[in-house]
Amino acid sequence: MDFQFDNWYQDLTKSNVIMSYQGEITSELIEKTLDDIELVLKEKGLNKKKVKKAYNAIVEELQNLYHHALNAPGQSPDKKFGAFCIKVKDDIVDIVTGNYVIFNVVQLLKDRMDQINILSKEDLKLLYKKILSNNSFSDKGGGGLGMVDLAKRTGSKLQYDFFEFDEKYYFFELTIRV
Amino acid sequence: MDSIQIEGTPKTPTIEFDAASGVVSIKGRSIPENSVEFYKPMVDWLDEYASQAKEKTEVNIQLEYFNTSSSKCILDVFKKLEVIKKGGNDVVINWFYEEDDEDMLEAGEDYQSIISIPFEMIETEE
């Protein structure tokens, strides 16, 4: 069955949600979210260390979304479209983002995340340092440093899913657990 | 040469680069979306400072958060400082981290292993 964004978002935001959003992704939105989320995490009674780790991961994931999100298929190309949801249950924070990607990057993204997911903590550290010191990259990041950093700092696997929307677009879901 | 003083914001750190004293400080949060743009004046400043560096340059890095794009820019700052060190001047980097913030300590250690400048790891109380 073809991907239905509304169903996906509804499922995603069923339970344990402390913040969620779907729509245009702008710099102002990211800024406002980052301003608010730290307090919300603290209010959930998470310890300082956990709040810090989660906040770091949220910064990276939301900025990834800002840099890489496309427009929704059929919508204005100037409007980046995406969704995110932050959930907390029993001291575990899940940060989920979703955005459309062009079909031809799907395999590349999968390969990159699979490669990161099989690395040990030590190997992640080595890879992080290698990319940091060798690659020249733009403000968008690049070189996969953001993904490596997420895996390295959170110590968890990058959980992903791709849903086919049509022959051109896929929908990319990424979850980071802290 | 002029100093740089930039007040911190929720997304960008407080910057104090003082040529007269040779003290360079970056403190606070560094999570701008466009880090290259933010850090460019500091990188340029260090280029100019290199020719008139103090006998000792003291660098204080006290960050609460920094994003991936900042991590590259901070490395660029360190690389400029490395040139000053290689030119025969003394440079020391004080890397501050809050107690229990292992990620920040580890980030400092990562830089330490890439850059040929002595690092002092300094734990601060929360």
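User: Which residues does Ile58(A) touch, not counting residues up to four places away in sequence?

Analyst: The model is predicted: local features need pLDDT of at least 70, side-chain atom pairs count only at pLDDT 80 or more, and totals for chains, interfaces and linings use all residues. Residues are numbered from 1 along each chain as its sequence is written, while chains are lettered from A and ligands numbered from 1 in the order in which they are written. With contact meaning C-beta atoms, placed from the backbone, within 7 Å, Ile58(A) touches Ile37(A), Ile86(A) and Ile95(A).

User: Which strands are the edge strands of the open sheet in chain A?

Analyst: The sheet has five strands in the order E1-E2-E3-E5-E4, with antiparallel pairing; two strands pair if DSSP finds at least two bridges between them. An edge strand pairs on one side only, and this applies to E1 (17-24) and E4 (159-164).

User: Which helix supplies the largest share of the side of chain B that touches chain A?

Analyst: The contact takes 22 residues from chain A and 20 residues from chain B. Helices H1 (35-50), H2 (68-86) and H3 (102-114) of chain B each supply at least two residues of that side. The largest share is five residues, from H2(B).

User: In what order do the elements of chain B run from the N terminus on?

Analyst: Helices (H or I, at least four residues) and strands (E, at least two) are DSSP runs, numbered from the N terminus. Chain B has three helices and six strands. Their order is β-β-β-α-β-α-β-α-β.

User: What percentage of the contacts in chain B between residues at least 6 apart in sequence join residues at least 24 apart?

Analyst: The C-alpha trace of chain B spans about 35 × 25 × 25 Å along its principal axes. Of the 126 residues in the chain, 38% are buried. Among the contacts asked about, the share is 71%.

Key: Two residues are in contact if their C-beta atoms, placed from the backbone, lie within 7 Å. A residue is buried if 20 or more other C-beta atoms lie within 10 Å of its own, exposed if 12 or fewer, and partly exposed in between; C-beta atoms are placed from the backbone.
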